[in-house]
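I wrote each entry after checking one topic, and I kept the terms beside the findings.

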Amino acid sequence: MPRSDPSKARVRTRGWSSVERRGSNVAATRTRRPVQIHNGCRGLRFSRRAVAAVIHLLDAHASEILGQPPSTLDARRSPLGSRRSALRAPSSALSAPPSASAPRPSTPSGIPPGELSIAFLPETALTALHGRFLGDPSATDVITFAGDAGLGQAGEICVSPDAARSFAENRGGDSSAELTLYLVHGWLHLAGHDDLAPVRKRRMRAAEARAMSLIRRARAVPQFAFE
C-alpha cells in the first residue's frame with residue numbers, strides 16, 4: 001500500500017457549499033477530517049481539493065445518506081470489500097477477519113473519526129491488492145480498508161480510474177461521476193455498509209443514490225481528466 005508515498009497530499013478545504021450549510025450535521029463537522037490523497041496513475045489529472053470536498057460533504061450529511069445505523073466495523077485495518085467483486089465473491093472472501101481489539105461501532109454520524117486516505121491506482125495495482133487481500137485475482141474498481149483508531153486513521157479507499165473510464169466508455173456514461181461513485185462506495189463501507197446479502201446490497205445502493213444526488217445538487221462532482 002502506498003501509505004508512505006511522498007506524493008500524497010493532505011488536503012483541508014475551507015468554505016461551505018449551499019447544500020452543506022443546510023445540513024443538520026454541519027455544526028458537528030466544522031473541524032474537517034484530514035484527507036490524504038495519492039495519485040498513482042500517470043496522465044490522471046484532478047483537483048485534490050475537489051476530492052476532499054466530496055468526503056467532507058458526505059461527512060456533513062452522513063445521517064441523511066445512511067438513513068439508519070448500519071453494521072459495526074472491525075477496528076483493525078482490514079479489507080472491507082470491493083464494488084464489483086461483492087456481486088460474486090463468497091462472503092468469506094469479503095468479510096474483515098476477527099480482531100483482538102474491540103469493534104468500533106458505526107452510527108448515522110458517518111465513518112469513524114481520523115484521517116482518511118484515498119489512493120487512485122492503476123488497474124494492475126488494484127487487481128494485485130484484490131488478489132492479495134480478498135483472494136480474487138480479477139480486476140475490480142474499489143477496495144476499502146478499515147483504519148486504526150489508535151493511530152487516528154479512519155481508513156483507506158483505493159479506486160481504479162481505469163475501471164471508471166472503461167465503464168463510462170462502454171455504457172456511455174460520465175467517467176468523473178463513475179469514479180466519484182467509487183469514492184462514495186468506499187465511504188459507505190467505512191460507515192458500516194456492505195453488499196454481501198441482497199437486502200444489504202439494496203440498502204447500500206439506495207445510500208449510494210442518495211449520496212450521488214447530494215453531490216450533484218452541490219455541483220461537487222470532481223472533474224477527472226485522462227491525458
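The entries below go from the whole chain to helix packing, then to salt bridges and to one backbone angle.

**Entry 1: ground rules.** I noted that this is a predicted model, in which local features need pLDDT of at least 70 and side-chain atom pairs count only at pLDDT 80 or more, while totals for chains, interfaces and linings use all residues. Residues are numbered from 1 along each chain as its sequence is written, and side-chain values use heavy atoms, with hydrogens and water left out.

**Entry 2: the whole chain.** I looked up the secondary structure and found eight helices and eight strands in the protein chain; these are DSSP runs numbered from the N terminus, with helices being H or I of at least four residues and strands being E of at least two. Of the 227 residues, 53% count as buried, where buried means under 20% relative accessible area, exposed means over 50%, and partly exposed lies in between (1.4 Å probe, protein chains only). I also looked up contacts, meaning heavy atoms within 4.5 Å, and among those with a separation of 6 or more, 75% come from residues 24 or more positions apart.

**Entry 3: α6 against α7.** I asked myself at what angle α6 and α7 pack. Helix α6 (residues 161-171) and helix α7 (residues 175-190) pack at about 130°, and their axes are 8 Å apart; axes are lines fitted to C-alpha atoms, for helices over the stretch in contact, and angles run from 0 to 180 degrees between N-to-C directions. That makes α6 oblique to α7, since angles under 35 degrees count as roughly parallel, over 145 as roughly antiparallel, 65 to 115 as roughly perpendicular and the rest as oblique. The crossing is right-handed, which is the word used if the near helix is turned clockwise from the far one by less than a right angle, with left-handed for anticlockwise.

On the α6 side I listed Pro161, Ala163, Ala164, Arg165, Phe167 and Ala168, which meet Ser175, Glu178, Leu179 and Tyr182 in α7. The residues of this contact divide into seven nonpolar, one polar and two charged, with Ala, Val, Leu, Ile, Met, Phe, Trp, Tyr, Cys and Pro counted as nonpolar, Asp, Glu, Lys and Arg as charged, and the others, Gly among them, as polar.

Glu178 is buried, with a relative accessible area of 11%, and apart from residues up to four places away in sequence, Glu178 touches Ala164 and Phe167. Ser175 is buried too, at 15%, and, leaving aside neighbours within four places, Ser175 is in contact with Ala164, Arg165, Ala168 and Phe226.

**Entry 4: α2 against α7.** I found that α2 and α7 pack at an angle of about 45°, with their axes 11 Å apart, and are therefore oblique to each other. Val51, Val54, Ile55, Leu58 and Asp59 of α2 make the contact with Thr180, Leu183, Val184 and Trp187 of α7. These residues divide into seven nonpolar, one polar and one charged.

**Entry 5: salt bridges.** How many salt bridges does a search of the whole structure find? The search finds six, a salt bridge being a side-chain nitrogen of Lys or Arg within 4 Å of a carboxyl oxygen of Asp or Glu. In one of them Arg33 pairs with Asp59, and the closest N and O atoms are 2.7 Å apart. Arg33 lies in the loop between α1 (18-22) and β2 (35-39) and Asp59 in helix α2 (residues 48-60), so the pair ties together parts that are 26 residues apart in sequence. Both Arg33 and Asp59 are buried.

Arg205 and Asp195 meet in another, at 3.5 Å from N to O. This pair links Arg205 in helix α8 (residues 198-217) with Asp195 in the loop between α7 and α8, 10 residues apart. Arg205 counts as partly exposed at 21%, whereas Asp195 is buried at 2%. Salt bridges that share partners join Asp195, Arg205 and Glu208 into one network.

**Entry 6: a backbone angle.** Most residues other than glycine have a negative phi. I noted that Arg219 has a positive phi, near 55°. Arg219 sits in the loop between α8 and β8 (225-226), and at 79% relative accessibility Arg219 counts as exposed.
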